[in-house]
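Hi,

Here is the structure we talked about handing over. Have a look at it first, then read on.

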Amino acid sequence: PTFTLDDIFNIPILDEILLYHIIGDYLLTNPGLISNNGKEITTLKPDGQTLLVNTDNYASMENYPLNEKGIYVKDQQIRNADLILTNVRAKNGVAHVVNKVLLPLFDTIVQIAASFPNQFSILVEAV
(Lines give C-alpha, C1' and ligand atoms only; values in the text may rest on other atoms or scores of the structure.)
Protein backbone atom coordinates (compact mmCIF):
# COMPACT_ATOMS: atom_id res chain seq x y z
CA PRO A 1 0.00 0.00 0.00
CA THR A 2 0.98 3.58 -0.62
CA PHE A 3 0.91 5.96 2.32
CA THR A 4 0.72 9.74 2.18
CA LEU A 5 2.46 12.00 4.68
CA ASP A 6 -0.93 12.67 6.25
CA ASP A 7 -1.45 8.91 6.69
CA ILE A 8 1.90 8.64 8.45
CA PHE A 9 1.40 11.70 10.67
CA ASN A 10 -2.03 10.37 11.69
CA ILE A 11 -0.72 7.04 13.01
CA PRO A 12 -1.86 7.17 16.65
CA ILE A 13 1.35 5.69 18.04
CA LEU A 14 3.80 7.41 15.66
CA ASP A 15 5.69 8.90 18.60
CA GLU A 16 6.19 5.42 20.10
CA ILE A 17 7.34 4.01 16.75
CA LEU A 18 9.85 6.85 16.40
CA LEU A 19 11.14 6.35 19.97
CA TYR A 20 11.57 2.66 19.12
CA HIS A 21 14.24 3.78 16.62
CA ILE A 22 16.35 5.48 19.32
CA ILE A 23 18.60 4.07 22.01
CA GLY A 24 20.05 6.08 24.87
CA ASP A 25 23.67 5.27 24.14
CA TYR A 26 26.46 6.34 21.78
CA LEU A 27 27.25 3.15 19.86
CA LEU A 28 29.55 3.28 16.86
CA THR A 29 29.73 0.06 14.87
CA ASN A 30 33.09 -0.88 16.26
CA PRO A 31 33.36 -1.53 19.15
CA GLY A 32 29.79 -0.56 20.17
CA LEU A 33 27.52 -2.66 17.96
CA ILE A 34 30.13 -5.37 17.42
CA SER A 35 30.45 -5.93 21.18
CA ASN A 36 26.64 -6.18 21.43
CA ASN A 37 26.34 -8.99 18.87
CA GLY A 38 23.52 -11.34 19.88
CA LYS A 39 22.36 -8.99 22.63
CA GLU A 40 19.23 -6.93 23.01
CA ILE A 41 19.59 -3.17 23.26
CA THR A 42 16.88 -1.15 24.94
CA THR A 43 15.13 1.57 22.97
CA LEU A 44 13.68 4.83 24.28
CA LYS A 45 10.13 3.57 23.72
CA PRO A 46 8.46 4.17 27.12
CA ASP A 47 7.89 0.47 27.84
CA GLY A 48 11.56 -0.36 27.19
CA GLN A 49 11.16 -2.61 24.16
CA THR A 50 14.39 -3.88 22.66
CA LEU A 51 16.14 -4.56 19.36
CA LEU A 52 18.38 -7.57 18.82
CA VAL A 53 21.78 -6.77 17.26
CA ASN A 54 23.38 -9.19 14.80
CA THR A 55 26.88 -8.61 13.47
CA ASP A 56 27.69 -12.21 12.47
CA ASN A 57 28.34 -11.17 8.86
CA TYR A 58 30.13 -7.93 9.70
CA ALA A 59 32.93 -6.93 7.38
CA SER A 60 34.53 -3.52 7.73
CA MET A 61 34.65 -1.80 4.37
CA GLU A 62 37.43 0.46 3.10
CA ASN A 63 35.15 3.52 3.22
CA TYR A 64 34.79 3.14 6.98
CA PRO A 65 33.03 4.52 8.91
CA LEU A 66 30.06 5.21 6.63
CA ASN A 67 29.90 2.07 4.52
CA GLU A 68 30.04 -1.04 6.67
CA LYS A 69 28.10 -4.18 5.79
CA GLY A 70 26.70 -7.24 7.49
CA ILE A 71 24.95 -5.67 10.48
CA TYR A 72 21.25 -5.91 11.13
CA VAL A 73 18.80 -5.41 13.97
CA LYS A 74 15.74 -7.56 14.61
CA ASP A 75 12.64 -5.73 15.81
CA GLN A 76 9.84 -6.99 18.07
CA GLN A 77 7.89 -8.15 15.00
CA ILE A 78 10.84 -10.49 14.26
CA ARG A 79 11.81 -8.59 11.10
CA ASN A 80 15.42 -7.85 10.18
CA ALA A 81 16.49 -4.35 9.17
CA ASP A 82 19.93 -3.96 7.60
CA LEU A 83 22.13 -1.04 8.58
CA ILE A 84 22.78 0.64 5.25
CA LEU A 85 24.65 3.70 6.48
CA THR A 86 26.60 3.60 9.73
CA ASN A 87 28.29 5.96 12.18
CA VAL A 88 26.69 9.20 10.99
CA ARG A 89 27.79 11.52 13.78
CA ALA A 90 25.96 14.54 15.13
CA LYS A 91 26.62 16.85 18.07
CA ASN A 92 24.16 14.94 20.23
CA GLY A 93 24.75 11.36 19.12
CA VAL A 94 25.35 8.94 16.29
CA ALA A 95 22.87 7.56 13.75
CA HIS A 96 22.77 4.31 11.84
CA VAL A 97 20.36 4.25 8.89
CA VAL A 98 18.24 1.11 8.43
CA ASN A 99 16.46 -0.08 5.31
CA LYS A 100 12.98 -0.42 6.82
CA VAL A 101 10.77 0.92 9.57
CA LEU A 102 11.33 -0.90 12.86
CA LEU A 103 8.07 -1.98 14.46
CA PRO A 104 7.58 -2.53 18.19
CA LEU A 105 5.02 -4.84 19.75
CA PHE A 106 1.64 -3.18 19.81
CA ASP A 107 -0.38 -3.19 23.03
CA THR A 108 -3.58 -4.49 21.43
CA ILE A 109 -5.12 -5.56 18.14
CA VAL A 110 -7.22 -2.38 18.30
CA GLN A 111 -4.02 -0.32 18.40
CA ILE A 112 -2.79 -2.07 15.25
CA ALA A 113 -6.08 -1.45 13.44
CA ALA A 114 -6.18 2.21 14.49
CA SER A 115 -2.61 2.69 13.33
CA PHE A 116 -3.38 1.38 9.84
CA PRO A 117 -7.00 2.45 9.20
CA ASN A 118 -6.80 2.10 5.40
CA GLN A 119 -5.99 -1.58 5.76
CA PHE A 120 -8.37 -2.26 8.66
CA SER A 121 -11.18 0.23 8.01
CA ILE A 122 -14.00 -2.21 8.81
CA LEU A 123 -12.34 -3.29 12.05
CA VAL A 124 -11.66 0.34 13.03
CA GLU A 125 -15.32 1.21 12.51
CA ALA A 126 -16.41 -1.83 14.49
CA VAL A 127 -14.32 -0.95 17.50
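Below are my notes on the salt bridges, one threonine and a strand pair.

A word on the basis: this is a predicted model, where local features need pLDDT of at least 70, side-chain atom pairs count only at pLDDT 80 or more, and totals for chains, interfaces and linings use all residues. Residues are numbered from 1 along each chain as its sequence is written, and side-chain values use heavy atoms, with hydrogens and water left out.

Searching the whole structure turns up three salt bridges (a side-chain nitrogen of Lys or Arg within 4 Å of a carboxyl oxygen of Asp or Glu). K45 pairs with E16 at 3.1 Å, N to O. That pair links distant parts of the chain, 29 residues apart: K45 is in the loop between β1 (40-42) and β2, and E16 is in helix α2 (residues 14-19). Helices (H or I, at least four residues) and strands (E, at least two) are DSSP runs, numbered from the N terminus.

K45 also bridges to D47, with the closest N and O atoms 3.0 Å apart. K45 is buried at 3% relative accessible area, while D47 is partly exposed at 45% (buried is under 20%, exposed over 50%, partly exposed in between; 1.4 Å probe, protein chains only). R79 and D75 form a salt bridge too, at 3.2 Å, N to O.

T50, in strand β2 (residues 50-54), is buried at 13%.

Finally, β4 (residues 80-90) and β5 (residues 93-98) pair antiparallel over five bridges; pairing takes at least two DSSP bridges. A hairpin of two residues joins β4 to β5, and L83 sits opposite V98 in β5.

Cheers
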